[in-house]
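Here is a short report for a first look at this structure.

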Amino acid sequence: MNRMNNDIIIFKNTAYQILGKIMVSFFGLVATAYLARYLGVRVFGQYNLILTYAGLAFVLADFGLGSLLIRHSASHPEDKKYSSFIYSLRIILSLSVCAVLVMLSFIF
């Protein structure tokens, strides 16, 4: 009986996740179409460039360290040195990426 309840809970949670993803995708599509028509080709292109630039900066600054920290904290909750090392590394990476992006912004 307990297995059946777990299966139902997993099914419901999966269905909610899928429904949420479909709704977010739909509203994102509608918002993008509205923005493209409202801003025009040139301004929407600049908007898209800025979003791409910011997204790339986030990926480079994070570098997957958040996932690594969560995984390690779940398996070794008592290890505080590792957590502080990851936080320090994220700060250094974030500042480095920000400095590079500021320099690149003058080029672009």
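## A serine and its helix

S83 sits in helix α3. The model is predicted. With a relative accessible area of 16%, under the 20% cut-off, S83 is buried. Beyond its neighbours within four places in sequence, S83 is in contact with L69 and S73.

Helix α3 itself has 28 residues. From its first C-alpha to its last, α3 reaches 41 Å, close to the 40 Å expected at 1.5 Å a residue. S83, I86, V97 and L101 are buried in α3. The buried residues of this helix pack against α1 and α2.

Now the pairing of α2 with α3. Helix α2 covers residues 65-75 and helix α3 covers residues 80-107. Their axes come within 10 Å and cross at roughly 175 degrees. That angle is over 145 degrees, so α2 and α3 are roughly antiparallel to each other. On the α2 side, the contact is made by L65, G66, L68, L69, H72 and S73. On the α3 side, Y82, S83, I86, Y87, L89, R90 and L93 take part. The residues of this contact divide into eight nonpolar, four polar and one charged.

How confident is the predictor? The mean pLDDT of the protein is 86. Of its residues, 99% reach 70 or more. Among the elements, α2 has the lowest mean and α1 the highest.

| Element | Mean pLDDT |
|---|---|
| Helix α1 (residues 2-62) | 89 (highest) |
| Helix α2 | 82 (lowest) |

Key
Residues are numbered from 1 along each chain as its sequence is written. This is a predicted model: local features need pLDDT of at least 70, side-chain atom pairs count only at pLDDT 80 or more; totals for chains, interfaces and linings use all residues. Side-chain values use heavy atoms; hydrogens and water are left out. Axes are lines fitted to C-alpha atoms, for helices over the stretch in contact, and angles run from 0 to 180 degrees between N-to-C directions. Helices (H or I, at least four residues) and strands (E, at least two) are DSSP runs, numbered from the N terminus. Angles under 35 degrees count as roughly parallel, over 145 as roughly antiparallel, 65 to 115 as roughly perpendicular and the rest as oblique. Contact means heavy atoms within 4.5 Å. Ala, Val, Leu, Ile, Met, Phe, Trp, Tyr, Cys and Pro count as nonpolar, Asp, Glu, Lys and Arg as charged, and the others, Gly among them, as polar. pLDDT is the predictor's confidence in each residue, from 0 to 100. Buried means under 20% relative accessible area, exposed over 50%, partly exposed in between (1.4 Å probe, protein chains only). The expected span of a helix is 1.5 Å times one less than its number of residues.
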